[in-house]
Amino acid sequence: MLKVGNMKAMADYYHRALALDVVAEADGGQYLGRGTTPLVHLQPAGNLRIPGSGEAGLFHTALLFNHQSALAATVATAARYNPQAFAGSADHLVSEAFYFTDPEGNGIELYWDRPRDQWKWKNGEVEMATLSLPPQRYLESHLSEESVTEQRNAAAGVGHVHLQVGEIRAAEKFYVNTLGFEKSAGFHGQALFVSAGGYHHHMAMNVWNSRGAGPRKDTLGLGEVLIQVPGKDDVGALAERLAHHGIAVAATGAEIQFADPWKNRIRVSVDSVQSGH
């Protein structure tokens, strides 16, 4: 969930630039996504300030596309909407990624995963890199009339969420040792990538802009990160583990809420699709 200052501008960006439609509305906010699947929750919070670049919080939300053509279509609409919002692109070996910034400074990654059998693992960590990925050449190779026409029907999901934190060692202690994610990669004490089920990363943390940052104040930007697990037993087990580590937990039915060391709010709930509801 993102707390936003200018709801009209932000909703217009996610709708027109990223081709997401309103899936649901509640309390003045909007859930935008593809089909019936919400991907981004925008919640008005006009009295808050935009966070400084060195503060803890959101680095980017990453939207994952099933096909290169679908990724290319959304890269094209985002680039046309505001060319200045384009922040770069990279071949990460496991994925192909393009980066943008929304009107209130929140980072966005649009990406496609290479097949898992092409990922390489060494000493328990997945090999990732940052190699050149020229955007124009990518669009020439993968953008088609059909992918543009069918853009809003193409499935997409939140592949991962990447946070800015104050210290990597503390992030690993919390997200790996306490929450139970597996460490999938590290980067010279500057970044940490964690996952479940052998994915390259479901969450990441870095200190590139925020080394030494303390707990967050209430600002625009990241409101909470939603993590979905298969069943109620998983939620209960996590609640017990958090309590064992002295982490304050608010429990509401089939979900729990808590904060990481930088006061990034985390909500864990049961995945209704996996649970069959």
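This is a predicted model: local features need pLDDT of at least 70, side-chain atom pairs count only at pLDDT 80 or more; totals for chains, interfaces and linings use all residues.

**Exercise 1.** Which residues in α1 meet which residues in α2?

Residues are numbered from 1 along each chain as its sequence is written, and side-chain values use heavy atoms, with hydrogens and water left out.

Solution. Start with the elements: α1 covers residues 7-17 and α2 covers residues 68-81. Helices (H or I, at least four residues) and strands (E, at least two) are DSSP runs, numbered from the N terminus. Next, look for contacts, meaning heavy atoms within 4.5 Å. From α1, Ala9, Asp12, Tyr13, Arg16 and Ala17 meet Thr74, Thr77, Ala78 and Tyr81 of α2. These contact residues divide into five nonpolar, two polar and two charged. Here Ala, Val, Leu, Ile, Met, Phe, Trp, Tyr, Cys and Pro count as nonpolar, Asp, Glu, Lys and Arg as charged, and the others, Gly among them, as polar.

**Exercise 2.** Find the residues with the most contacts inside the largest nonpolar core.

Solution. First, the term: a nonpolar core is a set of buried Ala, Val, Leu, Ile, Met, Phe, Trp, Tyr and Cys residues joined through side-chain atoms within 4.5 Å. Buried means under 20% relative accessible area, exposed over 50%, and partly exposed in between (1.4 Å probe, protein chains only). The largest core has 64 residues, and Tyr14, Leu18 and Leu42 have the most contacts inside it. Another core, of twelve residues, lies apart from it and includes Val94 and Trp119. Now follow Leu42: leaving out residues up to four places away in sequence, its partners include Leu2, Met7, Tyr14 and Leu32.

**Exercise 3.** How are the rings of phenylalanine 187 and tryptophan 208 arranged?

Solution. Rings of Phe, Tyr and Trp (its six-membered ring) pair if their centres lie within 6.5 Å; planes under 30 degrees apart count as stacked, over 60 as edge-to-face and the rest as tilted. In this pair the centres are 6.4 Å apart and the planes stand at 80 degrees, so the pair is edge-to-face. Then place the partners: phenylalanine 187 lies in strand β12 (residues 182-187) and tryptophan 208 in the loop between β14 (203-206) and β15 (221-222), so the pair ties together parts 21 residues apart in sequence. Finally, check accessibility: phenylalanine 187 is partly exposed at 40%, and tryptophan 208 is partly exposed at 40%.

Technical notes: Axes are lines fitted to C-alpha atoms, for helices over the stretch in contact, and angles run from 0 to 180 degrees between N-to-C directions.
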